[in-house]
Amino acid sequence: MSNPSNWNQASYISAQAADARINIEIESEGTVLNLGPQHPATHGTLRIVVKLEGEKVVSADPVCGYMHRGYEKLTEVRTYAQVTTLINRIDWLGSFANEVPFILAAEKLMEVEAPPRAQWIRTILFEMARIANLSVFLGEMGVQLGAITPVFYAFRDREFVLNLIESATGGRFHPNFDRIGGLKEDLPKGWLQSTQQAMVKMRHFCDELEQMLLENEIFQARCKGVGVIPADVALNYGLSGANLRASGVDWDIRRDQDCALAWKHCDWKVHVLDEGDSFARYKLRLQEVRESTHIIDQLCQSIPSGSIMAKVPKIIRVPPGEAFVNTENPLGEMGYYVISKGGLGPFRTKIRTPSFNNISILPWLLKGVYLPDVITILASLYFILGDIDR
Amino acid sequence: MISIAVLGEGYLFLIGKAILLLIVIPAFSMLIGYSFLLKMMSHMQDRLGPMEAGPHGIFQLLADGLKFLQKEDLMPNGSDRFIFKAAPIVMLVSTFLLYVVIPIGPHMVLENLHTGIFYVLGVSSISVIAILMAGWASSNQYSLLGALRAGGQLIAYEIPLVLSVVGVIIESGTLSLQGIVKAQANGNLFGLPIRNQYLISQFIGFFIFLISAQAELAQTPFDMPLAETEIVAGYMTEYSGFRFLLFYLSETATAFALSAIASTLFLGGWAVPFIHGTLAQVIGPFVLLAKTMLIAFLIFWFRFSLPRFREDQLQAFAWKFLIPLGLVNILITAIFKVAL
């Protein structure tokens with residue numbers, strides 16, 4: 001397979017096979033609905049081939065890869081400092097959270113640990129990324145169910161967090177702020193105070209959405225009992241994050257694994273719900289945003305002073321070895337498996353993204369539901385296209 | 001037969017009335033579109049909405065309309081071309097016919113039919129046919145799903161709409177809209193010395209009428225036929241340019257017409273207490289406009305606040321709640337009418 005023409009041929013054959021598989025479904029009886037790649041409910045370019053009988057789903061087959069950007073391959077031709085620019089764009093709504101596990105993996109290989117202040121700032125920005133990400137979900141779920149107003153409130157109040165991220169890092173969406181051994185810069189003056197003020201506003205936003213959507217009878221009627229995932233099924237499909245915790249599995253990497261970040265230094269709790277339906281997933285994420293604001297408040301008060309950069313050489317060469325680090329990202333478990341051969345960049349990187357595993361449950365979950373519930377389930381599972389296709 | 005005095009009788013005047021409607025319908029459609037769909041929605045969502053075309057963007061819809069006229073006339077492959085073209089026109093005809101019987105003053109109505117409200121309920125159902133035509137002719141699964149949902153929904157909500165109106169008919173004793181307005185202006189509340197707007201005695205009917213009108217217009221808690229996150233745009237998915245404009249026009253103009261009918265039936269129409277004669281003739285249209293905008297405000301307020309029902313919940317709501325409630329309302333009204 002070293003010959004490039006063979007590569008082309010192989011990829012051509014596999015593409016043909018994929019098309020043939022879908023064509024067979026189209027020619028069979030019943031209606032076949034192509035949800036996507038351009039469809040309002042798929043947040044981008046996820047395609048779901050849904051076979052319908054009336055409005056009832058007979059089978060659903062997610063087809064991903066329309067936005068594949070080859071980040072795993074690209075990391076092999078970049079230096080470590082350049083990689084963070086790329087991986088910012090995996091889950092674009094909570095982009096800082098993508099950088100952290102990769103940097104931690106590289107630090108693990110180099111046997112460096114960031115100084116305490118850098119760890120604190122990383123954790124604060126990590127939780128801010130979670131708020132920025134999940135607040136979009138909280139509004140977006142309303143849009144998917146027909147209530148168009150909450151999403152505007154979500155985007156308005158998300159700005160408080162984005163402005164803070166911008167003033168600390170210089171980038172609203174893609175901070176590219178994390179460095180091996182620490183951070184690019186220290187926090188600006190007065191940032192911690194304005195952060196605590198913004199957290200009060202975010203808590204108010206959570207209350208507002210709770211009144212507008214969560215307590216709305218129509219919203220409850222649309223979400224309760226829709227798309228129920230039992231705990232064992234959720235574990236078998238490798239779900240993670242809020243989708244898993246809403247099914248009653250008490251598992252949060254922030255608490256359960258020890259890493260060089262500051263969660264262990266503050267008092268917070270992991271929310272778990274037993275219902276496993278769409279409503280539980282929404283409620284759980286709302287509670288997680290609230291919990292994140294409390295974590296940030298505590299970290300702002302307890303932040304230590306000192307350096308933000310450990311002693312690392314100017315030109316970074318990571319010693320040969322393999323390391324896997326995973327963290328609890330806004331969407332679920334995200335991990336980087338980095339193999340180094342001692343060069344300027346990684347030899348090979350495997351990126352474990354939460355959304356890819358989360359949508360793997362769709363064929364099981366969508367079987368037998370009605371078309372409106374498909375949208376509820378897609379919205380409540382909450383995936384981000386960049387996170388599926390990388 | 002009382003017609004608009006200035007128009008008189010005869011064929012020429014009939015054409016005059018048609019032209020009047022052709023001016024009035026787009027004007028009211030734009031009024032509703034601008035004030036609610038653009039501005040009220042934007043302010044509810046903490047944004048400004050269109051601000052560039054004219055002061056506060058009042059010409060935005062005009063600009064949009066002109067843009068739609070310039071678009072290419074697209075038709076999907078495999079569509080039934082004749083029916084595809086006819087559907088928006090049938091839709092507009094349904095709206096057009098609604099305006100004919102709405103009284104706007106003591107002597108101002110295009111045709112004062114003696115069976116006015118019966119006629120309104122009849123012609124408003126024509127839109128179902130247009131929607132089914134559009135959905136079937138588009139040869140698109142989304143359109144077909146949307147059209148079938150619309151068919152089920154509009155027929156289901158037609159029944160509570162009729163039942164809610166029956167109470168008004170029993171109280172006023174007439175089917176003519178002009179007659180209903182006069183009955184409200186002159187009548188009293190079951191013998192009490194209070195002028196009776198049917199909102200007071202028929203509040204259950206008003207409640208049912210509002211909900212059913214919301215469903216007939218496919219506005220948000222009941223917008224399954226158009227649900228943009230599920231079936232893209234329902235029966236309108238394949239329509240663009242001029243034909244989309246006709247659907248849009250008909251949607252907003254029907255919203256205005258149904259609001260006007262609701263204010264005629266339940267809020268007393270053009271009539272104001274203690275004002276008679278020429279003055280009533282002059283201010284009648286404005287009174288009706290104010291009441292209509294109030295009802296339309298309610299409709300769009302609900303639209304921008306609520307999520308949408310699922311199809312089965314929507315049907316259950318109509319058959320298990322609204323229709324029994326409507327029947328009970330008729331029973332109570334009849335008992336009061338006979339007893340008092």
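Modeller: The radius of gyration used here is taken over C-alpha atoms, and the rule for a globule is 2.2 Å times the number of residues to the power 0.38. For the 340 residues of chain B, a compact globule would therefore have a radius of gyration near 20 Å, and chain B agrees, with 20 Å. Keep in mind that this is a predicted model. Its overall scores are ipTM 0.76 and pTM 0.81.

Taken along the principal axes, the C-alpha atoms of chain B fill a box of roughly 65 × 45 × 45 Å. The chain is built from 13 helices and two strands. Of its 340 residues, 46% are buried. When contacts in chain B between residues at least 6 apart in sequence are considered, 78% of them join residues at least 24 apart.

Confidence comes next. The average pLDDT of chain B is 83, and 94% of the residues score at least 70. Within the chain, helix α9 (residues 203-216) has the highest confidence, at 89, while strand β2 (residues 192-195) has the lowest, at a mean of 62. Residues 1-7 of chain B have a pLDDT below 50, although this stretch has eleven contacts in the model beyond near neighbours in sequence. Where pLDDT is low, the predicted coordinates should not be read in detail.

For Ser139(B), phi is near 50°. Ser139(B) belongs to the loop between α5 (126-137) and α6 (141-172) of chain B. It has 16 other C-beta atoms within 10 Å, so Ser139(B) is partly exposed. The other is Ala218(B), with a positive phi of about 55°. Ala218(B) is found in the loop between α9 and α10 (228-231) of chain B. Ala218(B) counts as buried because it has 26 C-beta neighbours inside 10 Å, and the cut-off for a buried residue is 20 or more.

The segment after α13 (311-339) of chain B holds Leu340(B). Leu340(B) is exposed because 9 other C-beta atoms lie within 10 Å, where 12 or fewer is the cut-off. From Leu340(B) to Asp80(B) the C-alpha to C-alpha separation is 58 Å, and the two residues are 260 apart in sequence.

Chain A has 16 helices and eight strands. Its C-alpha atoms fill a box of roughly 65 × 60 × 35 Å along the principal axes. With 390 residues, a compact globule would have a radius of gyration near 21 Å, so the 22 Å of chain A agrees. In chain A, 48% of the 390 residues count as buried. Among its contacts between residues at least 6 apart in sequence, 71% join residues at least 24 apart.

The contact between the two chains takes 23 residues from chain B and 25 residues from chain A. On the side of chain A that touches chain B, at least two residues each are supplied by β1 (31-35), α5, α6 (150-169), α8 (217-223) and α15 (371-381) of chain A. The largest share of that side, four residues, comes from α8(A). By class, the side of chain A that touches chain B has 15 nonpolar, seven polar and three charged residues.

Back in chain A, and leaving out residues up to four places away in sequence, Met128(A) touches Val161(A), Leu164(A), Ile165(A) and Ile296(A).

Definitions and conventions. Residues numbered from 1 in each chain as written. Chains lettered and ligands numbered in written order. Predicted model: local features only at pLDDT ≥ 70, side-chain atom pairs only at ≥ 80, totals over all residues. Contact = placed C-beta atoms within 7 Å. Nonpolar A, V, L, I, M, F, W, Y, C, P; charged D, E, K, R; others polar. pLDDT = per-residue confidence, 0-100.
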